[in-house]
Amino acid sequence: MSETRHHESDSQLSVRLCATEKDLEETRALFSAIFDFGPFPMWISDHKGTCLRINEALRRTWGVEDQDVIGKYNMFDDPVVKEQGFSPLLNRVFDDGESVTLRIEYDPVQFNQLTGAHREVKSVIEATISPQKNSLGEVISAIVLHKDLTPHQLMEEAKEKAITLMKQAQKREAVGLLVAGVAHEINQPLTYIRAVLECNLHDLTQQEIDLRVLGEECREAVKQVDRISCIIRHLRLFGRVETLSFREVVLDEILDSTLILVGHLLQANHITLKRDLQENLPCILCDPLRLEQVLINLFQNAVSALDTVEDKQIAITAVARDDLLILCFNDNGTGVRPDLQGRIFDPFVTTKKVGQGMGLGLSIVYGIIKEHDGDIQYYAEKQGSTFVITLPLKRAPNTPPES
Ligand SMILES: Nc1ncnc2c1ncn2[C@@H]1O[C@H](COP(=O)(O)OP(=O)(O)O)[C@@H](O)[C@H]1O
Ligand SMILES: [Mg+2]
């Protein structure tokens, strides 16, 4: 090949040169077309990060003029880039020749100042910066491609808000369905206290007071008042919008608290509760109110499933195996409808009438168990259902076990 070249005449050489120049010209035109009129906002910087050229999409979408940025804007000097700690990443482009992607968040004032836009919300811009090298491998410029993630970000935030609201609504729904039972739980001791007071008032007026009996009755009345306070305190705590708060708790304690709210529901529906928790179960590191929310949902679902059954039973067993707590929640109700069995942990799956369930209970249960690094499975029984929950014993979520 080089032999042939040596023997090329001047005219042949100039023909080849012309062809190469034409190729180069065509490549340049193609690049310009892609760069200038491509759909994504792009710009080119020199080897020090200063803007050399911007494309039409950048002018249009960001409202930027050439004279505002060319030779003036430098990505290393951008206060937001500095503030969000991206400088080391930029060095990787210009010093090491790597391509990097940054996700930069601009508050509306910063964004509007930089671009002349009139946004009222935070902007999220993804910038992919790719170095261009010469034949010696030195970085001589960089192409920056922008993607405006703001609409996507707004959608995500709206979704997050909707999910939070839905979770709150489900909790209110669960507690709302228990209100009748809780009212009864409070009414009973109140009735007792009233009877004691009336009786003693009567004895007092008749001057027949027996101080020993009075003492005993007062002690019992105080106990009942404490019980009411406990229920109210618990309801308040449960209704609060809370953040996750983990502590070490034994399962018995969580089940007892749950029964404060659902105990009456079981009694009123003539349901026998068999409770078989292994003795001295180790603690679990959990948010007890959230686990209570799990149990309340399982109880409510079981109560509905037992509605048409004769001998209504719920059995709860718990054992510790290695570093796991295994909790089985069984009822001998109708069982989950076969066509729903693969989907019951999905939101809005329900067989209930409007006002009796939104189909969010089990999806929230699933979310809570996952927040605790645990798992929940549904097993259809010959008659009824079993939910098996596994939870790590005494280990903070998302932390590796101690070695
Ligand atoms: N223990 C159970 N026995 C029978 N079916 C159940 C049981 N638990 C849940 N299901 C079924 O799963 C559906 C979804 O439950 P859930 O997510 O709690 O929502 P909801 O109770 O509001 O319908 C219920 O409508 C019911 O059909
Ligand atoms: Mg439910």
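This is a short exchange about a predicted model and the terms used for its parts.

Visitor: What makes β10 and β12 a pair?
Guide: Two strands pair if there are at least two bridges between them. Strand β10 (residues 324–331) and β12 share eight bridges, in the antiparallel sense. So they count as paired. Asn330, for one, stands opposite Thr386 in β12.

Visitor: How do you know that β11 pairs with β12?
Guide: The cut-off is at least two bridges. Six bridges join β11 (residues 375–380) to β12, and the strands run antiparallel. Therefore they pair.

Visitor: Which side chains of β12 point to the buried face?
Guide: Ser385, Phe387, Ile389 and Leu391 are buried on one face.

Visitor: Why is the set around Leu298 called a nonpolar core?
Guide: The name requires buried nonpolar residues joined through C-beta atoms within 7 Å. The largest such core has 40 residues, and Leu298 is one of those with the most contacts inside it. Helix α11 (288–305) is among the suppliers. It gives the most, with nine residues. Domain 2 (153–241) and domain 3 (245–403) each provide at least three. Leu298 touches Phe329, Val365 and Phe387, leaving aside residues up to four places away in sequence.

Visitor: What makes up the second core?
Guide: This separate core has 16 residues, including Met42, Val64, Val69 and Ile129.

Terms used. Residues numbered from 1 in each chain as written. Chains lettered and ligands numbered in written order. Predicted model: local features only at pLDDT ≥ 70, side-chain atom pairs only at ≥ 80, totals over all residues. Buried ≥ 20, exposed ≤ 12 C-beta atoms within 10 Å, placed from the backbone. Helix = DSSP H or I, 4+ residues; strand = E, 2+ residues; numbered from the N terminus. Domains from an automatic or database assignment. Contact = placed C-beta atoms within 7 Å.
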